Amino acid sequence: MSVSQFGQLADGTPVERVAIARGGLSVSIMTLGAAITDLRVGGRGVVLGFDDLSSYLAHSPYFGVIAGRHANRIAGGRFRLDGNEVQLERNDGGRNHLHGGANGFARRLWLLREVGPDHAVLVLTSEDGDAGYPGRVEASVRYEIPPDGDRLRIVLEASADGPTLVNLATHSYFNLDGSPDIGGHLLQIEADAYLPVDEEAIPTGEVRPVAGTPFDFRRLRRIDDHGDDVAHDHNFCLAAVPTSEPRAVARLVGQESGLAMDVLTTEPGLQFYDGYKLAVPCPGRGGRRYGSRAGLCLEPQRWPDSPNHRHFAGAVLRPGELYRQVTEYRFSQIGHEDLTS
């Protein structure tokens, strides 16, 4: 375990970085956005990131952050809560609200509250009126490597002093092979339905079966099976409500490395983004260039635009309630015979 200064903001405020490790897993987290800057499995880096803070500040497409107060999109940045209309900041093309606004949780400096050899806890306060949201929210994230040393466990919690929305999501971009793109990765998602979206990536309101579509990942298959014309940035419907304990919802396999990552979560939705819009203008970690589909996101969360669709898994948080999400990224090595069987 180590804590060091990763750099400074424009006003001179230091940004810290903490490194934790156990078994074959090591993780680095910075206080800006509570972001994972590096995740290594047996020494192999499996997430996209930068070597310096200035690149994160200028060019990061949410690499490794905790997105909130409400991750994903809200149409028009507008919704009704207890009969009152709420207008949020519209930071997505000037029309919609994305990831909590231009100064959402991903852009904020979190406080490092606790750190040990195998865990770190960061906290953040979001005041009433932040980006237009009602209510004051206290949020925390605990990154932990359990004793088996083969998984990263992330516990997100939040409470509020008034009715509001809270929908937090981890936003790491994964590439298990270190390949130029993730098209050859194998993916499985335990979802029978997904949310179609319009041209602005806003859910239409339909909950559509995946059967017979390019969004059917119920069996492990190559991501690029349907070619590069299919772009993935959709919510997969795992359940109607959160569960009390995390359960397996997805598996990602790097065919070159033989490294497998299982995703377990309590959340009712999983946003799969294949990184098709990536075009990072500066070098990434180790001088790598990040072009289209250089990495993918598997983001457990509540359903996007949920306050505008009564039948969606919602994100309303009230005083006295505890928002709690538990997500695990579990790693294993599989043999060549398992990849070809």
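Two strands are said to pair if DSSP finds at least two bridges between them, and strands themselves are DSSP runs of E with at least two residues, numbered from the N terminus. This is a predicted model, in which local features need pLDDT of at least 70 and side-chain atom pairs count only at pLDDT 80 or more, while totals for chains, interfaces and linings use all residues. Residues are numbered from 1 along each chain as its sequence is written, and side-chain values use heavy atoms, with hydrogens and water left out.

Strand 1 runs antiparallel to strand 2 (residues 14-22) and is joined to strand 2 by six bridges; here Ser2 stands opposite Ala19 in strand 2.

A nonpolar core is a set of buried Ala, Val, Leu, Ile, Met, Phe, Trp, Tyr and Cys residues joined through side-chain atoms within 4.5 Å, where buried means under 20% relative accessible area with a 1.4 Å probe, protein chains only. The largest such core has 57 residues, of which Tyr143, Ile189 and Phe331 touch the most other members, and strand 14 (residues 151-160) gives the most to this core, with five residues. Another core, of 22 residues, lies apart from it and includes Ala35, Leu48, Leu53 and Tyr173.

With a disulfide taken as a pair of cysteine sulfur atoms within 2.5 Å, the count comes to zero.

| Cysteine | Nearest cysteine sulfur | Distance |
|---|---|---|
| Cys237 | Cys297 | 18 Å |
| Cys297 | Cys282 | 17 Å |

Cys237 counts as buried because its relative accessibility is 10%, and Cys297 counts as buried at 0%.

Note on methods. Buried < 20%, exposed > 50% of the residue type's maximum accessible area, 1.4 Å probe, protein only. Helix = DSSP H or I, 4+ residues; strand = E, 2+ residues; numbered from the N terminus.
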